[in-house]
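Let's take a walk through this structure together, from single residues to the sheet and the core. Have the viewer open as you read.

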Amino acid sequence: MALLSILALLHAQPAFAASNSDDFNRADNADLGTDWAGLLGNCKIVTNTVQPTTTGTECAEGFGAGTTDFTDDHSSQVTLSTFNSAAESGIGVIVRAVSNTFYACYANRNAASTTTVIGEWTAGVFASLTSENSTTWAATDTIKLKVIGSTLTCYRNGAQLLTTTDATITTGQPGIYAYVITSATTTTIFDDWAGSDEVASSTRRPQSPIVF
């Protein structure tokens, strides 16, 4: 029995973390598709990229349409395809989204005092958690938000930019976020979304060698 147990351990397959992505390379549509659910307003596909459907309205959509594709600790990332609006605008990602409640990190353009914000929407009501005002966001930049436990961390091109803690929202799905106050929506465009489960680094332990 001991040998059989050892062999079972050797051949056991690890549980893989959930991950998914969307390059939006499909026909123009006012709906992103069945994998996506509108949370605050809707986004649309134009020329294989995504933009807000209507100016003056937030565009927030969650991946998984409220299902349990991801654990509660996960990340969401998107690429800024075009970000040169003359009006105040923002592009970002969301985590732990359920209906109109979620966390988001977004890049700001032409805002009065912030260039990056981590915020919380509770039943559609926004509250800023932390922000900074020294980053110039540009096309091809990636923005990523990771949540593990109560810790939220926002990254630009893989480098940590902001971090904060908040324990209000404990469950939900990753997704995308954007807004344009005025002007043409075509100046605030994003592409290539990816989401993945995340695990705290302190829980990653190397496997002990099996000694016969």
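Is Asp 192 buried, partly exposed or exposed? Asp 192 is partly exposed, because its relative accessible area is 39%. Please keep in mind that the model is predicted. Asp 192 sits in strand S15 (residues 188-197), and its phi is near 55°, a positive value in a residue other than glycine. Asn 110 is another non-glycine residue with a positive phi, near 60°. Asn 110 belongs to the loop between strand S8 (101-109) and strand S9 (116-122), and with a relative accessible area of 44% it is partly exposed.

**The overall picture**

The protein has one helix and 15 strands. Of its 212 residues, 43% are buried. The accessible surface comes to about 10,400 Å², and carbon and sulfur atoms account for 52% of that. If we take contacts between residues at least 6 apart in sequence, 60% of them join residues at least 24 apart.

**The seven-stranded sheet**

Seven strands make an open sheet, and their order is S2-S5-S14-S7-S8-S9-S10, with antiparallel pairing. At the edges are strand S2 (36-40) and strand S10 (125-132), each of which pairs on one side only. From one strand to the next, the twist averages 25°. Within this sheet, strand S7 (residues 89-98) pairs with strand S14 (residues 173-180) in the antiparallel sense over seven bridges. To find this pairing on screen, look for Ile 91, whose bridge partner in S14 is Ala 178.

**Two hairpins in a row**

Strand S11 (residues 142-148) and strand S12 (residues 151-156) run antiparallel and are joined by six bridges. Leu 145 has Cys 154 of S12 as its bridge partner. Two residues separate S11 and S12 in this hairpin, and Gly 149 in the turn has a positive phi of about 65°.

S12 also pairs with strand S13 (residues 159-165), again antiparallel and over six bridges. Here Thr 153 has Thr 163 of S13 as its bridge partner. S12 and S13 form a hairpin too, with two residues between them, and Asn 157 in its turn has a positive phi of about 55°.

Nonpolar side chains tend to be buried together in soluble globular proteins. In this model the largest nonpolar core has 31 residues, and Leu 145 and Ile 176 have the most contacts inside it. Another core, of twelve residues, lies apart from it and includes Leu 40, Ala 97, Phe 102 and Ala 104.

**Salt bridges**

The count of salt bridges comes to four. Three of them are listed here.

| Pair | Closest N to O distance |
|---|---|
| Asp 73 and Arg 96 | 2.8 Å |
| Lys 144 and Glu 198 | 3.9 Å |

Why does the pair of Asp 73 and Arg 96 tie together parts that are 23 residues apart in sequence? Asp 73 lies in the loop between strand S5 (59-63) and strand S6 (74-83), while Arg 96 lies in strand S7, so the pair links those parts. Asp 73 counts as partly exposed at 22% relative accessibility, whereas Arg 96 counts as buried at 4%.

Lys 144 is partly exposed, with a relative accessible area of 24%, and Glu 198 counts as buried at 15%.

In the remaining listed pair, Arg 26 counts as partly exposed at 32% relative accessibility, and Asp 22 counts as buried at 9%.

Definitions and conventions:
Residues are numbered from 1 along each chain as its sequence is written. This is a predicted model: local features need pLDDT of at least 70, side-chain atom pairs count only at pLDDT 80 or more; totals for chains, interfaces and linings use all residues. Side-chain values use heavy atoms; hydrogens and water are left out. Two strands pair if DSSP finds at least two bridges between them. Helices (H or I, at least four residues) and strands (E, at least two) are DSSP runs, numbered from the N terminus. Axes are lines fitted to C-alpha atoms, for helices over the stretch in contact, and angles run from 0 to 180 degrees between N-to-C directions. A nonpolar core is a set of buried Ala, Val, Leu, Ile, Met, Phe, Trp, Tyr and Cys residues joined through side-chain atoms within 4.5 Å. Buried means under 20% relative accessible area, exposed over 50%, partly exposed in between (1.4 Å probe, protein chains only). Contact means heavy atoms within 4.5 Å. Accessible areas come from the Shrake-Rupley method with a 1.4 Å probe; for residues, only the protein chains shown count as cover. A salt bridge is a side-chain nitrogen of Lys or Arg within 4 Å of a carboxyl oxygen of Asp or Glu.
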